Structures are given as C-alpha cells and as structure tokens.
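Student: I would like to go through this structure with you, one question at a time. Could we begin once it is on the screen?

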Amino acid sequence: MSFSAADHEFMARALRLAERGLDTTTPNPRVGCVLVKDGGVIGEGWHERAGEPHAEANALRVAGAAVRGATAYVTLEPCAHFGRTPPCADALIAAGIARVVVAMEDPNPQVAGEGLARLRAAGVGTATGLMAAEAGELNVGFVSRMTRGRPWLRLKVAASLDGKTALANGKSQWITGPDARRDAHAWRARSCAVLTGIGTVRDDDPRLTVREVPCRRQPLRVVVDSRLQTPPDAQVLAGGGTLLFAARPGSVPGTEVVSLPDANGKVDLSAMLIELGRRGVNEVLVEAGFRLNGSLLAAGLVDELLIYQAPILVGDQARGMFDLAELTDLAGALRLEVVERRAIGADTLIRARPV
C-alpha cells in the first residue's frame with residue numbers, strides 16, 4: 001500500500017504525540033492520534049495514563065463537530081473492546097471519520113485486528129503499516145508482553161574502555177560522567193521497572209529512582225535476592241513498593257516478597273519475567289552486577305544492551321561486565337547487532353541487541 005508525503009507527515013506527528021506518554025502510560029501502550037480535514041489538523045491527542053481517555057478520544061474532543069469526513073492518523077490500531085474506557089473504533093465511527101490510517105495493528109488479543117474490522121464494516125476506509133517500525137519501537141515492551149507474555153528487558157552497563165564495571169572491591173561510582181548518567185536516567189524514566197541484584201544492593205546501596213530527568217511516575221523497583229539478604233535499611237526499599245524475588249519464602253518489612261526458586265536454589269529468572277509481565281510491566285531496565293548480568297544473558301532473557309563506555313582503563317583485576325561460561329571457540333560467542341552508537345559527553349553509548 002502506498003502512502004503520500006502528507007500521510008507520512010501526519011503519522012510522524014502522531015508518533016511525536018505518542019512519545020509524550022513515554023513515562024506515564026504503563027501498562028498501556030503509547031499512542032498518538034492526529035485528525036486531518038482538507039489538508040489541515042483539526043484535532044490531536046495522545047494517551048496519557050491508564051484509565052484516562054485514549055488518544056483518539058482526546059483528539060475527537062478537540063476537533064468537535066468539524067471531525068465528520070476527516071482522516072484519523074493513529075499510531076496503534078483503535079481498540080474494539082470495553083476496558084476502563086469505551087472502544088475507540090466505535091467512537092471514530094460515531095464521529096463520522098471517513099478514513100483511518102494506522103501505523104501498526106494492536107498485538108493485544110482483545111483487539112488483534114477487530115478494531116480495523118469494525119471500522120471497515122461501518123464503511124470507514126482503512127490503511128495500515130505506515131511507519132510501523134517506528135511505532136513498534138515506541139511500544140516494544142507492550143508488544144513483547146502481548147506476544148511473549150514477558151516484558152522487554154534492557155540491560156544497562158557502565159564500563160571502562162577495557163570492559164570493567166567496578167573495582168575488585170566493588171566500588172563503581174562513578175565510571176561514566178554526568179551526561180551518561182543523565183541519559184541512563186532517561187531510560188529509567190521510560191521503564192516500568194528497574195531491576196538489580198543483591199550484590200549491587202550491598203556494594204552500592206542504590207536508590208534506583210529517576211532523579212536526573214523529569215519523570216511523572218517512578219518505576220517499580222525490583223531486587224533479585226535468592227536468600228533474602230537485603231538489609232531493611234537499604235535505600236532501594238525506602239518509601240515502600242519495592243518487589244523482591246527470592247528462592248525461598250520469607251518476608252522483608254514493608255516489601256512484597258515473591259518466591260520463585262529454580263532447580264539450583266536461585267531465583268527462576270524466566271518465571272520472574274513472566275510474573276512481571278502478569279503485573280503489567282512492559283519494559284525492564286537492569287542495573288546490576290556482572291553475575292546477574294551474566295545469568296540473564298546466559299538464559300537468553302536480554303533483549304537489548306545499553307553499554308556506556310568511559311575513556312578510562314582500570315586493569316585486569318577489576319570486575320567485568322558479564323559472568324559467562326568460558327569459551328574455547330569464538331564460534332560460540334554471543335553476536336550482537338549495534339542499533340545505535342553515539343557520544344554522550346566524554347563517554348560513548350553502544351545500544352545493541354542479540355542477533
């Protein structure tokens with residue numbers, strides 16, 4: 001299906017609107033909508049928070065009665081089911097929309113083409129696939145949860161040029177500079193959850209909150225702690241609401257503990273991600289040590305790597321990025337596709353995905 005230059009312009013605008021909900025829509029997807037009539041925008045909106053009006057409803061409210069005969073550009077297929085809000089497909093039909101251009105179909109089984117089918121059945125013209133890749137990236141976590149039952153997992157590492165993340169004594173603050181740390185906080189802000197391990201809690205006592213960039217809601221904090229060794233005064237527990245995964249039943253004051261043991265007496269990491277998905281978590285950012293990093297990689301659970309590399313050298317005795325089994329042949333190396341490389345202050349970000 002071919003699209004005009006104007007179609008691309010208006011869908012790009014809808015995608016920019018959707019990005020405004022980057023840190024607020026969880027567990028819902030980020031969606032933008034632009035209404036166009038006679039070549040001009042008559043209404044636009046985006047989804048801000050779960051339980052509040054969807055992008056289409058917000059745009060229709062702005063456009064008012066002028067919307068009849070207009071074209072709607074929506075970054076995700078309009079919903080066709082009653083949730084906390086009425087179906088958007090029905091609202092578009094009732095408003096007299098003549099054409100709906102959708103970036104991507106909704107992977108939610110409750111929608112999955114039904115929204116588009118309902119529009120077509122009502123005589124509304126539909127077109128799909130415009131800037132679908134960009135829309136998919138914007139909602140990569142939501143798509144992951146809908147299709148795989150688990151969130152999209154990003155693993156963030158701050159490392160020296162020789163691939164070290166901490167000194168032998170565990171000290172790691174600060175390998176990278178303030179610009180890189182600010183960028184990492186932007187990834188925290190868009191994530192539904194930030195995950196670390198007990199080793200990092202003991203060595204760094206992190207807060208795992210978003211502080212360096214604006215954020216309208218704090219992500220869920222998650223700790224992998226097989227033996228329930230998290231100190232009750234750890235900063236990651238401050239304020240409550242932290243989720244702790246262990247390999248045995250137990251309790252930590254003011255904290256929810258979920259026991260998910262594997263056959264080796266450690267936390268079942270795959271089951272943990274399924275549980276996070278069940279709780280509506282779309283994107284997880286891992287900020288942990290080399291042992292948990294290695295375990296997640298070895299289990300095939302890492303979808304994306306964020307490697308911030310600083311122009312420093314700290315030597316062979318320092319801790320590496322990943323605790324992985326020894327290779328005897330490079331054919332067994334984990335291959336990565338670099339999807340982004342950019343300078344951030346004095347440091348470099350390499351964003352890569354396992355092939």
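Student: Is F10 buried or exposed?

Tutor: In this predicted model, local features need pLDDT of at least 70, side-chain atom pairs count only at pLDDT 80 or more, and totals for chains, interfaces and linings use all residues. Residues are numbered from 1 along each chain as its sequence is written, and side-chain values use heavy atoms, leaving out hydrogens and water. Buried means under 20% relative accessible area, exposed over 50%, and partly exposed in between, with a 1.4 Å probe and protein chains only. The relative accessible area of F10 is 7%, so F10 is buried.

Student: Which residue forms an aromatic pair with F10?

Tutor: Rings of Phe, Tyr and Trp (its six-membered ring) pair if their centres lie within 6.5 Å, and planes under 30 degrees apart count as stacked, over 60 as edge-to-face and the rest as tilted. The search of the whole structure finds 1 aromatic pair; it is tilted, with 5.4 Å centre to centre and 40 degrees between the planes, and the partner of F10 is Y73.

Student: How many residues apart in sequence are the parts that this pair ties together?

Tutor: Helices (H or I, at least four residues) and strands (E, at least two) are DSSP runs, numbered from the N terminus. F10 lies in helix 1 (residues 5–18) and Y73 in strand 3 (residues 71–76), so the distance in sequence between the parts is 63 residues.

Student: Which residue has R20 over its face?

Tutor: A charge sits over a ring if NZ of Lys or CZ of Arg is within 6 Å of the ring centre and within 35 degrees of the ring normal. R20 lies at 4.7 Å from the ring centre of W46.
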